[in-house]
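Take a look at the model below before reading on.

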Amino acid sequence: MAVIIDREKCIKCGTCKNVCPMGVYDWDEQNNEMKYDNSKCISCGLCINLCPNGAIRFADDEE
């Protein structure tokens with residue numbers, strides 16, 4: 001399953017990067033935002049459950 005970050009809710013705290021056991025997340029200095037590589041995601045849900053602003057979710061099948 002793929003994750004999606006709601007850029008309007010993201011407070012750029014880095015929690016997702018710090019808790020992800022697979023290294024899905026990395027900070028994009030140029031665009032000042034978190035980037036992510038869904039090919040590494042194992043759908044454990046840690047990032048979703050620990051995001052303080054609820055900015056991360058699993059993508060729907062239609063997305």
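How many helices and strands are there in the protein? There are two helices and four strands, where helices (H or I, at least four residues) and strands (E, at least two) are DSSP runs numbered from the N terminus. Along the sequence they follow the pattern β-α-β-β-α-β. The radius of gyration, taken over C-alpha atoms, is 11 Å, close to the 11 Å that the globule rule gives for 63 residues, so the protein is as compact as a globular protein of that length. That rule is 2.2 Å times the number of residues to the power 0.38.

This is a predicted model, in which local features need pLDDT of at least 70, side-chain atom pairs count only at pLDDT 80 or more, and totals for chains, interfaces and linings use all residues. Residues are numbered from 1 along each chain as its sequence is written, and side-chain values use heavy atoms, leaving out hydrogens and water.

Some whole-protein values come next.

| Property | Value |
|---|---|
| C-alpha box along the principal axes | roughly 30 × 25 × 20 Å |
| Buried residues (under 20% relative accessible area, 1.4 Å probe, protein chains only) | 25% of the 63 residues |

Now for the inside. The largest nonpolar core has twelve residues, including V3, I5, C16, M34 and C47; such a core is a set of buried Ala, Val, Leu, Ile, Met, Phe, Trp, Tyr and Cys residues joined through side-chain atoms within 4.5 Å. Leaving aside residues up to four places away in sequence, C47 touches V3, C16, V19, Y25 and I56, with contact meaning heavy atoms within 4.5 Å.

Key. Buried means under 20% relative accessible area, exposed over 50%, partly exposed in between (1.4 Å probe, protein chains only).
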